[in-house]
Amino acid sequence: MITFNIKKSIFAVSACCGLAIATSSCSDFLDILPTNEVVLENYWTDKEDVQSVMNSCYETLESSDAMIRMMVWGELRSEDMRGANSVPNELNEILKENLLPSNPYCNWSKFYECINRCNIVCHYAPIVQSIDPNYSEEEMLANLAEATTLRALSYFYLIRTFRDVPYTTRASIDDTQTFIIPATPFENVLDSLINDLERVKGNAVKRYYVDDSPSAWQNSCKVTRWTVYALLADLYLWKGDWDNAIKYCDMVIDYKKQQYQEMLERDGNSSTIDLIDEIPMILTKPKGSDRCGNSYYEIFGSGNSFESIFELYFNSTQSQQNKIVTDYYMYNNNVLGRICAPDILFKDVAKGTNSLFKRTDGRAYESAEYSGTSYAVTKYARTSVSYSTQNVSSEADLQLQKQRRSGGDANWIFYRLSDMLLIKAEALIERSDESTPEDLEDAFALIDIVNKRANDAVNGNRASTLTKSSYVTSKLAMEDLVLEERQREFIFEGKRWFDLVRFARRDGNNTRLVNLVSRKYLENVNALKIKLADPNIIYFPYAKSELKVNPLLKQNPAFTNGEDSELTN
C-alpha cells in the first residue's frame, strides 16, 4: 500500500508548519475551528492555501528522511563512498551489498508523502481558482506545473532506486481512500512523467524575480520553466530519446547565455564569469587573481549561483538543516562524518599519479581531504576553499585555505549548468554512428568545457588536460570519458550510482558497473563481483512493511532469498 493516507483532521496543520519558502499563516483558520474539526474542504478557500501546501511539498523533500535517501540511494553503493566514523549498521549492510527488505533505507514514505501533497495541489488548485477572484488562471496553471514537476522528481528518484513502483496521480484526501495497487513498470512510469511535464512545461514560471533582486535566489530554489526543461532532459536521457535530451539541454544552455548577456548589459564585464568556448561558466580563478576556488564558493558555499537551475534551500535553524552535511559529510571542527571516500579516488592527486584527477583539478581538493586515516567528504561541508594550482607537485604547494560550515545550511543541488553540458554530451555520444562522426567531436567539446573550468585551463592559463584524439575515434572511449567526467564533476552529489545504473540498463549487463564499483572493496571482492552481476540487484528491494500491507507488490527477485524470503512466497 502506498503509505500516504493523511487524515483530514491533521492535514491542514501539517501543511502549514515548518514550510521552507515564503510560508503564509493559517492561524486564523485554526482559531475558528477546533483541531479535530478541521477539514480539507474548509481549508481550500483562497490562493494562499494553495501556496501553503505547495510550499509543504518542498519542505517534505527537505526533511532529513528524504535528504539522506537522496544520498544513500544515489551515491552510497557506488565506488565514491565507504563507511567512516560510527557508521550505522543499516548503512554498513548497504556498503557490504548485504541489502535486505528490512533495511530502513528501503522505506520510501517521504517521497510518496511529497507525491501525495503534489497530487492534492493538483486536485484543489482548480477548485480554488474557481472561487477566489484573486487567484488567476495563470497563477493556478503555474502551481500545477510546480506540483507536477516536484511529483515527477520524486517518482524519478523512486524508479531509479526501485525500478518498478506503484504509480498514481490521484490524491489521497480523506480517511476512506486506500491505494493498494501493483507496481507500474519503470518504462511506463518514465513515459508518464515525460508526458506530464510536456503538458505543463509552458505554464511554469520563467523567473520569479529579476536577477539582481535580493530575492532572486528563489529563481533556483523554486521550480521554474528551466527546472522542467532540465528534468525533461534527464528523463529523455534515461528513455534513450537522444534528440529530445539534446533539445532540452540546449534550451537551458541558451537561457544561461541570455542571462549572461543580461548581466553584462546590467553590470558590465565580470571578473568571475566568462565564456569558455562560448558557454558562460563561473571561473575557478577570477580574472586578476592567483587563487582558485571561486567556482566552489559560488556554487556550493554561497549557493544559488549563476549556474544553478534547481536546488533545495536550507538555513542554519535546527529544524531546517541539510542533514547530509551535518551527519554524513565532514563539517565544523574537523568532525569526520559517517561517510568517507576510498583512497583510490583522492590519493596522490597533487603528485600527479592519481588515475581520476589531474594534479591541477580543483575538484579533488574541494571535495575531500585526508583526515588521519581516510579521505573525509568536504563537498558542501565547506563554505569556501582557496588554493593555487601553479607548479603543484605536493599538497603543500597548494597553499590550501578552507572554511567549514558551522551548521547544515548548504543548499542541495539537483541541476546546474554542468548537468546540461554533460547530459547533452552523453546523448550526442549515444546518438552517434558512422554517418554522424561530428556528434563525438561535439560531445568531447562539451566535456572539455567542464574539465577546463575545473583545471583552470581558460584564458591562456594552461592547456586542456584532455587530448581529443585519444577519445573521438571510439564511441566506447567517449562513453567512458563522459562517465568519468560526471564522476569528477558530481562526486558526492547523489548521482554516481544512478549514472552506473543508467549505463548498465543501456549496456544490457552490469559488467561496467561491477568493474568500477569493485575497486573500492578491500575484501571478498570476487564474491561481491558475482553478486553485483545480477541485473536485478542494482535496484533496492521493496520494504518489508510495504510487502505486508500490499499483496499486489511483488519483491525484486534478487532479494527473495534470506531472512525475508517468506514475504514473497
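**Close-up views of a predicted model**

**Figure 1. Helix α5 and its burial.** Helix α5 is largely enclosed by the rest of the structure, because 11 of its 13 residues are buried. The model shown here, and in every view that follows, is a predicted one. The buried residues of α5 are A66, M67, I68, R69, M70, M71, V72, W73, G74, E75 and L76, where a residue is taken as buried when its relative accessible area is under 20%.

**Figure 2. The packing of helix α4 against helix α5.** Helix α4, which covers residues 47-62, packs with helix α5, residues 64-76, at an angle of about 55°, and the axes of the two helices are 5 Å apart. The two helices, α4 and α5, are therefore oblique to each other. On the α4 side the contact is made by T60, L61 and E62, which meet S64, A66, M67 and M70 of α5. Sorted by class, this contact of α4 with α5 has 4 nonpolar, 2 polar and 1 charged residues.

**Figure 3. N107 in the loop between α6 and α7.** N107 is placed in the loop that runs between α6 (89-95) and α7 (109-131), and its relative accessible area of 27% makes N107 partly exposed. When neighbours within four places in sequence are left aside, the residues in contact with N107 are R69, W73 and A543; of these, R69 and W73 are among the buried residues of α5. N107 and K544 are 437 residues apart in sequence, yet their C-alpha atoms are 8.7 Å apart in space.

**Figure 4. N116 within helix α7.** N116 lies in helix α7 and is buried, with a relative accessible area of 0%. The separation of N116 and R170 is 54 residues in sequence, while the C-alpha to C-alpha distance between N116 and R170 is 7.8 Å.

**Figure 5. R512 and its contacts.** R512 is found in helix α21, which spans residues 511-517, and this arginine is buried, with a relative accessible area of 14%. Leaving aside the neighbours within four places in sequence, R512 is in contact with L476, E479, D480, L483, F503 and D507.

**Figure 6. The largest cavity and its lining.** The count of cavities of 30 Å³ or more comes to 3, and the space in the largest cavity amounts to about 150 Å³. This largest cavity is lined by 17 residues, of which R160, D234, F414, G494 and K495 lie nearest its centre. At least two residues of the lining are supplied by each of α8 (137-162), α11 (225-239), β12 (412-416) and α20 (496-507), and β12 gives the most to this lining, with 4 residues. By class, the lining of the largest cavity is made up of 8 nonpolar, 1 polar and 8 charged residues.

**Figure 7. The second largest cavity and its lining.** The volume of the second largest cavity is about 130 Å³. Its lining consists of 15 residues, and those that lie nearest the centre of this second largest cavity are S295, F300, R363, E366 and E489. The helices α13 (294-302), α16 (362-367) and α18 (438-454) each supply at least two residues of this lining, which divides by class into 5 nonpolar, 4 polar and 6 charged residues.

**Figure 8. The largest pocket and its lining.** The largest pocket has a volume of about 560 Å³. It is lined by 26 residues, of which D211, Q259, N304, S305 and F306 are the closest to its centre. The elements that give two or more residues to the lining of this pocket are α10 (218-221), α12 (242-267), α13 and β6 (308-312), and α12 gives the most, with 6 residues. Helix α13 also supplies at least two residues of the lining of the second largest cavity. The lining of the largest pocket contains 9 nonpolar, 10 polar and 7 charged residues.

**Figure 9. The chain as the setting of the close-up views.** The secondary structure of the chain comes to 23 helices and 12 strands, and buried residues make up 59% of its 569 residues. Among the contacts in the chain with a separation of 6 or more, 70% are accounted for by residues 24 or more positions apart.

Note on methods
Residues numbered from 1 in each chain as written. Predicted model: local features only at pLDDT ≥ 70, side-chain atom pairs only at ≥ 80, totals over all residues. Heavy atoms only, no water. 1 Å grid on protein atoms, 1.4 Å probe; cavity = no way out; pocket = protein on both sides within 12 Å on 5 of 7 lines; lining within 4 Å. Points joined across faces, edges and corners; volume = space filled by probe spheres on them. Nonpolar A, V, L, I, M, F, W, Y, C, P; charged D, E, K, R; others polar. Axes fitted to C-alpha atoms, helices over the stretch in contact; angles between N-to-C directions. Parallel < 35°, antiparallel > 145°, perpendicular 65-115°, else oblique. Contact = heavy atoms within 4.5 Å. Buried < 20%, exposed > 50% of the residue type's maximum accessible area, 1.4 Å probe, protein only.
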